[in-house]
Amino acid sequence: MVTRRALHFVFKVGNRFQTVHFFRDVLGMQVLRHEEFEEGCKAACNGPYDGKWSKTMVGFGPEDDHFVAELTYNYGIGDYKLGNDFMGLTLASSQAVSNARRLEWPLSKVAEGVFETEAPGGYKFYLQDRSPSQSDPVLKVTLAVSDLQKSLNYWSNLLGMKIYEQDEEKKWALLGYADDQCKLELQGIQGAVDHSAAFGRIAFSCPQKELPDLEDLMKRESQSILTPLVSLDTPGKATVQVVILADPDGHEICFVGDEAFRELSKMDPKGSKLLDDQTKVTSGLLQEINQRLRVNGRRVNDEWHLQLRSSLLSGWHLSALINAPPTWLCLA
């Protein structure tokens with residue numbers, strides 16, 4: 001009996017509006033839930049940042065039986081430098097290809113019936129121009145590895161994933177926990193895996209009672225544990241227990257107790273509105289600032305833009321922004 005599930009991949013996003021447009025309007029996913037947090041996550045879910053952030057879950061269906069994307073937005077952080085760690089997410093959807101063409105979203109043909117595109121921030125997606133053969137169109141997440149055999153030992157022997165396919169000559173393998181779940185593709189590369197600032201995290205669930213044993217196993221095997229077993233609270237929702245690991249190349253892996261996560265991850269019919277309302281608040285503030293600056297005959301330079309993003313994070317009053325020090329502004 002399969003007791004573990006592939007859940008989601010975490011993307012750090014600098015432009016929340018454009019990113020949601022890509023996932024919702026181009027790929028055809030829906031907003032499953034949206035949550036706002038006033039301080040950083042105890043398990044570094046939002047990365048190494050302590051301030052206000054939001055989490056938006058998007059997918060083709062409920063998280064109970066679909067692999068989804070977690071869009072993590074840190075207020076005040078406008079972009080993240082990409083590494084070579086995340087190599088792409090592949091999905092089967094002729095509708096997504098059609099949407100991209102209709103919206104004139106850039107597509108590059110890489111094989112017969114397969115197109116490469118990018119989400120805002122540079123994350124690569126591969127769209128197969130066909131109907132999915134399973135209920136979830138998301139087929140696989142591809143991660144770079146520096147030593148395929150070492151990675152296979154970790155993911156298969158320690159984490160219990162089944163090896164579905166493997167090609168040692170091409171330094172490639174496909175793994176998963178079940179036939180009908182999203183797969184993990186490992187692709188060998190030359191040199192070290194660079195995670196840079198945009199590093200993501202892949203998440204799985206297991207019965208909650210297995211979490212302490214999983215942590216103990218990693219300790220015995222001298223493997224990296226980034227966050228020991230901890231409880232995470234979400235306002236108004238279920239508290240979940242997680243342990244955060246890292247594979248030999250430093251890919252972050254979250255294991256969460258399945259029972260509580262199923263409660264936490266229930267689709268929120270108000271999720272899309274919550275996201276849109278929050279986006280309007282931020283956009284409205286930016287528009288008001290720009291309008292007042294135009295009235296005052298000022299234009300904003302790059303340094304002031306950085307200060308503006310930081311001010312949104314710390315909650316400065318609008319008047320403080322308009323009366324910013326001259327070193328942040330240049331006269332029109």
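Biologist: What volume does the largest cavity have?

Modeller: The largest cavity has a volume of about 60 Å³. A cavity here is a set of points on a 1 Å grid over the protein atoms alone where a 1.4 Å probe fits but cannot get out; points are joined across faces, edges and corners, and a volume is the space filled by probe spheres set on the points. This is a predicted model: local features need pLDDT of at least 70, side-chain atom pairs count only at pLDDT 80 or more, and totals for chains, interfaces and linings use all residues. Residues are numbered from 1 along each chain as its sequence is written, and side-chain values use heavy atoms, leaving out hydrogens and water.

Biologist: Which residues line the largest cavity?

Modeller: The lining, meaning residues with an atom within 4 Å of a point, includes Phe9, Asp85, His195, Arg201 and Glu252.

Biologist: Changing topic, which cysteines form a disulfide?

Modeller: Cysteine 41 and cysteine 45 do, with sulfur atoms 2.4 Å apart; the criterion is a pair of cysteine sulfur atoms within 2.5 Å.

Biologist: Is cysteine 45 buried or exposed?

Modeller: Cysteine 45 is buried, at a relative accessible area of 18%. Buried means under 20% relative accessible area, exposed over 50% and partly exposed in between, with a 1.4 Å probe and protein chains only.

Technical notes. 1 Å grid on protein atoms, 1.4 Å probe; cavity = no way out; pocket = protein on both sides within 12 Å on 5 of 7 lines; lining within 4 Å.
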